[in-house]
Amino acid sequence: MATEARSVEQIRKRLLTRRLELQQRGSRVGQDLSRQLDPLSSDAGDRAIQLENDESLHAIGEAAVSEIEDIDVALDRLERGYYGICKVCGDEIAPARLAAVPQASTCQECGRS
Ligand SMILES: [Zn+2]
C-alpha cells in the first residue's frame, strides 16, 4: 500500500499549503482593516467607498475562515480514512471534483443543494 500512503501524504500537503495561503490572506485582510481605522471621510461619496471596501474585506476574511474550517474537516477525514467519500451518500467523490476542491466532503450530486 505504499502508493496509497504516498497519495495521502500528497493530499495532506496540498490541503496544508492551501490552508497556509488562506491564513496569510486572512491576516493581510486583518492588516488592511486596521489600516482603515482612520476616521471616515466627511464626503458622503468617499465615505460610501470606504465602507464598501471594509465590507468586501470582511467578506474575503470570512470566506477564508470558512474555507480553513472545511480544510480542517478534510484533514480530519483524511486521518480517519474517510477522505474522498461523500459524507451524505457515502459514494466516492469524483477525482475531478477533488482536484478542483480538495476539501470537498460531498459528491457533486449532494454538494449541489
Ligand atoms: Zn453524495
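Colleague: What makes arginine 18 count as partly exposed?

Modeller: Its relative accessibility is 24%. Buried means under 20% relative accessible area, exposed means over 50%, and partly exposed is in between (1.4 Å probe, protein chains only). At 24%, arginine 18 therefore counts as partly exposed. Keep in mind that this is a predicted model, where local features need pLDDT of at least 70, side-chain atom pairs count only at pLDDT 80 or more, and totals for chains, interfaces and linings use all residues. Residues are numbered from 1 along each chain as its sequence is written, and side-chain values use heavy atoms, with hydrogens and water left out.

Colleague: How do you know that arginine 18 forms a salt bridge with glutamate 21?

Modeller: The closest N and O atoms are 3.3 Å apart. A salt bridge needs a side-chain nitrogen of Lys or Arg within 4 Å of a carboxyl oxygen of Asp or Glu, so the pair qualifies. Both residues lie in helix α1, three residues apart, about one turn of the helix. Glutamate 21 has a relative accessible area of 42%, so it is partly exposed.

Colleague: Which salt bridge joins arginine 18 to glutamate 67, and what do they tie together?

Modeller: The side chains of arginine 18 and glutamate 67 meet at 2.9 Å, N to O. Arginine 18 lies in helix α1 and glutamate 67 in helix α2, so the pair ties together parts that are 49 residues apart in sequence. Helices here are DSSP runs (H or I, at least four residues), and strands are E runs of at least two, numbered from the N terminus. Glutamate 67 has a relative accessible area of 18%, so it is buried.

Colleague: How many salt bridges does the structure hold?

Modeller: Seven. One of them joins aspartate 76 to arginine 80, with the closest N and O atoms 2.6 Å apart. Aspartate 76 is partly exposed at 35%, and arginine 80 counts as exposed at 55%. Glu9, Arg12 and Glu79 are linked in a network of salt bridges.

Colleague: What is the nearest side chain of opposite charge to arginine 97?

Modeller: Aspartate 70, and it is 9.2 Å away. Lys and Arg count as positive and Asp and Glu as negative, while His and the chain ends are not counted. Arginine 97 has no salt bridge, yet it is buried. The residue lies in helix α3. Not counting residues up to four places away in sequence, arginine 97 touches Ala104, Thr106, Cys107, Gln108 and Gly111. Contact means heavy atoms within 4.5 Å.

Colleague: Which residues coordinate the zinc ion?

Modeller: Cys86, Cys89, Cys107 and Cys110, each through SG, at 2.3 Å. Donors are N, O and S atoms within 2.8 Å of the metal (3.2 Å for Na, K and Ca), and water is not among the atoms, so sites may look incomplete. In sequence the donor residues follow the spacing C-x2-C-x17-C-x2-C.

Colleague: Why is the zinc arrangement called tetrahedral?

Modeller: The four donor atoms subtend angles of 104 to 115° around the ion. Four donors count as tetrahedral if all angles lie between 85 and 135 degrees; four count as square planar and six as octahedral if opposite donors are over 155 degrees apart and all others between 65 and 115; anything else is irregular. The zinc angles make the arrangement tetrahedral. Cysteine 89 lies in the loop between α2 (44–79) and α3 (95–100), and cysteine 107 in the loop between α3 and α4 (108–111), so the pair ties together parts that are 18 residues apart in sequence.

Colleague: Is cysteine 107 buried or exposed?

Modeller: Cysteine 107 is buried, because its relative accessible area is 10%. Cysteine 89, at 40%, is partly exposed.

Colleague: How many residues does the largest nonpolar core have?

Modeller: It has 14 residues. Such a core is a set of buried Ala, Val, Leu, Ile, Met, Phe, Trp, Tyr and Cys residues joined through side-chain atoms within 4.5 Å. Those with the most contacts inside it are Leu15, Leu22, Ile71, Tyr83, Ile93 and Leu98. The elements giving two or more residues are α1 (2–35) and α2. The most comes from α2, with six residues.

Colleague: Which residues is isoleucine 93 in contact with, leaving aside its neighbours within four places in sequence?

Modeller: Gly84, Ile85, Cys86, Leu98, Ala104, Ser105, Thr106 and Cys107.
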